[in-house]
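Subject: Structure handover and notes

Hello,

Here is the structure for you to take over. My notes follow below it.

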Amino acid sequence: MDLEGKIYFAPGDLVTLRQDLPNKPVMLVLRKETSIIKLCDDEKTSFKGIRCLWFNNNQSKEEAVFNTKDLIKL
C-alpha cells in the first residue's frame, strides 16, 4: 500500500477548508468520527470524517464533520 502523499489529521491540528471561500474558518481537529455497523455476529467500523471545532463571526462555537479531502493543515 502506498502511503506517500496521504495526510493524516490528529486531535489538536489546525486546519482550514481546501476550497477558496471568503472568510473560511481556521478550525481545530477534535477527533476522527467513525460508525459501527453490526450485521449478525460481525461488527464493521467505517470512517465518517474528521470532527472540527471553530468559532463563527458572532463568536459562537460551531462543530461539523468534514471529509479529509476537504481539509488542509495549516
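Which residue in β3 is the bridge partner of E33? The partner is G49. Please keep in mind that this is a predicted model.

Strand pairing around β3

Strand β3 covers residues 42-55. On one side of the pairing list is β2, which runs antiparallel to β3 and is joined to it by eleven bridges. The E33 and G49 pair belongs to β2 and β3, with G49 being the residue in β3. These two strands form a hairpin with two residues between them, and in that hairpin C40 has a positive phi near 55°.

The other partner is β4, residues 61-66, which pairs with β3 in the antiparallel sense over six bridges. In this pairing, C52 stands opposite A64 of β4. Here too there is a hairpin, with five residues between β3 and β4. Its turn contains Q59, whose phi is positive at about 65°.

R51

R51 is in β3. Its relative accessible area is 18%, and because buried means under 20%, R51 counts as buried. Its side chain makes polar contacts with two glutamate side chains: E33 at 2.8 Å and E63 at 3.4 Å. As for N67, its C-alpha is 9.1 Å from that of R51, with 16 residues separating the two in sequence.

Nonpolar core

The largest nonpolar core is made up of ten residues: F9, V15, L17, M27, V29, I50, C52, W54, F66 and L71. At least two of its residues come from each of β1 (14-17), β2 (27-39) and β3. The largest share is that of β3, with three residues. As general background, nonpolar side chains in soluble globular proteins tend to be buried together.

W54 is one of the core residues. Leaving out neighbours within four places in sequence, W54 is in contact with P25, V26 and M27, and also with S60, K61, E62, E63, A64 and F66. Of these contacts, M27 and F66 are themselves listed in the core.

Regards

Note on methods. Residues are numbered from 1 along each chain as its sequence is written. This is a predicted model: local features need pLDDT of at least 70, side-chain atom pairs count only at pLDDT 80 or more; totals for chains, interfaces and linings use all residues. Side-chain values use heavy atoms; hydrogens and water are left out. Helices (H or I, at least four residues) and strands (E, at least two) are DSSP runs, numbered from the N terminus. Buried means under 20% relative accessible area, exposed over 50%, partly exposed in between (1.4 Å probe, protein chains only). A polar contact is a pair of N or O atoms within 3.5 Å; within protein, one must be able to donate a hydrogen and the other to accept it, and residues adjacent in sequence count only if both atoms are side-chain atoms. A nonpolar core is a set of buried Ala, Val, Leu, Ile, Met, Phe, Trp, Tyr and Cys residues joined through side-chain atoms within 4.5 Å. Contact means heavy atoms within 4.5 Å. Two strands pair if DSSP finds at least two bridges between them.
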